[in-house]
Amino acid sequence: MSSTGSTATELYCPKCPRRYSLSTVINLCECGSPLLVDYDYEAVARTLKVADLRNRDASMWKYRELLPVQDTENIITLGEGGTPLLRSKNIGPELGLDNLLLKDESVNPTGSFKARGLGMAVSRAKELGLTRLIIPTAGNAGSALAAYAAAAGLSAYVVMPEETPSPFLIDCLYHGAQLELVKGSIKQAGAKAAELVKNEGWFSFATLKEPYRIEGKKTMGYEIAEQLDWQFPDVIIYPTGGGTGLIGMWKAFAEMERMGWLSGPKPKMVSVQSEGCAPIVRAFEQGREAAELWENPQTIASGLRVPGAVGDFLILRAVRESGGTAVAVSEEDLIGGTRDLAAKEGIFAAPEAGATVAALEKLIASGFIKKTDQVVLFVTGSGYKYLDTLQAALNSH
Ligand SMILES: *Cc1c(COP(=O)(O)O)cnc(C)c1O
């Protein structure tokens, strides 16, 4: 046994006063809300200086004091995190934006930033003695669970919509996961997974229904701050499905502020969705605290095809607290954005990332983003997982 130095103390509910011991095997709070991890921030502030981080390997595990895994033996890593923050070569300059940055998460294991979340969640599952993990997914989360479960020697069960692009199915099968396809969206996949949890005792890894995936995703917030030499950018544009990354980064920013690692205004968080599935954008515009289910969700950006998110209130809270906004973009524009990333930046990205480029253009036109702003676009995944879809789009646009 060798300690990671984690200062995690307890799980807490962001909606009610309940708290749970870290050793509890749990999905949601009794009140139905997702649970979050609390840490001894004072201890970290006392013992760890940001300069110390420079000497650690570029990986999400460099922030281990602020991560939940207790024993280094339980860390299941495939090299996730430590991704580049690239300066835009053409998209920014063409829009008159001097300070546009691209956080390239497509280089993560399994081709998306889901590797951070699932790497963390599987490591904690191993630590807690869980062996059978099930996930409803739009694609990338299933691939990532299948890969990390394979690496950990645990069993994975992946439930996806039947229209999911084939590469997501194939890698799951290669990783040895059980796979089930359902009609409908991730919503129906979620219902199927819930049935298997109830009848066959699988442990649910559904988005935000276990407390640790978000802790992996929050490392993107630490990484961006570190890459900017402990400054916050002005705006972060994030393609939103279940919202773990947005909620996670917002948590990370609050943690860093609390430890005195940096100060100044936190970034405005912009949530981007497709016009074919925009429950968060609609709720934001209507001033609601939670989102209503989106009927008949349609978008080729499968990670955004999430008609209802358990963490909706946390996404909306983060966007509003940050002074951010929520934007829906058309399918045509998100494909155009995907082309721009490939043709103007050299990044063959997932269409979810293309949506951030389309949103950027809208937000410059509306005046929300000023030309002097430092803006980070999230390139959340690789285009190679979407070859079928992107080939079809090549012919029709
Ligand atoms: C899952 C996914 C998203 C959405 O991420 P959330 O944190 O669930 O909102 C965006 N892009 C890609 C490529 C994804 O796989």
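Select helix α5, residues 140-152, together with helix α6: their axes come within 9 Å and cross at roughly 15°. Keep in mind that this model is predicted. Angles under 35 degrees count as roughly parallel, so α5 and α6 are roughly parallel to each other. Now look at the handedness. The crossing of α5 and α6 is left-handed.

Next, show side chains where the two helices touch. On α5, pick Asn140, Gly142, Ser143 and Ala146. On α6, pick Phe168, Asp171 and Cys172. These residues make the contact. How do the residues of this contact divide into nonpolar, polar and charged? Three are nonpolar, three are polar and one is charged.

Stay with α6, residues 166-174.

Four strands form it, in the order β8-β7-β6-β9. The sheet is open, and its pairing is parallel. Which strands sit at the edges? Select 178-182 for β8 and 203-204 for β9. Each of these edge strands pairs on one side only.

Move to β6, residues 132-136, and β7, residues 155-161. Five bridges join this pair, in the parallel sense. For a last stop, click Pro136. Opposite Pro136 stands Val159 in β7.

Conventions: Residues are numbered from 1 along each chain as its sequence is written. This is a predicted model: local features need pLDDT of at least 70, side-chain atom pairs count only at pLDDT 80 or more; totals for chains, interfaces and linings use all residues. Side-chain values use heavy atoms; hydrogens and water are left out. Two strands pair if DSSP finds at least two bridges between them. Contact means heavy atoms within 4.5 Å. Axes are lines fitted to C-alpha atoms, for helices over the stretch in contact, and angles run from 0 to 180 degrees between N-to-C directions. Angles under 35 degrees count as roughly parallel, over 145 as roughly antiparallel, 65 to 115 as roughly perpendicular and the rest as oblique. A crossing is left-handed if the near helix is turned anticlockwise from the far one by less than a right angle, and right-handed if clockwise. Ala, Val, Leu, Ile, Met, Phe, Trp, Tyr, Cys and Pro count as nonpolar, Asp, Glu, Lys and Arg as charged, and the others, Gly among them, as polar.
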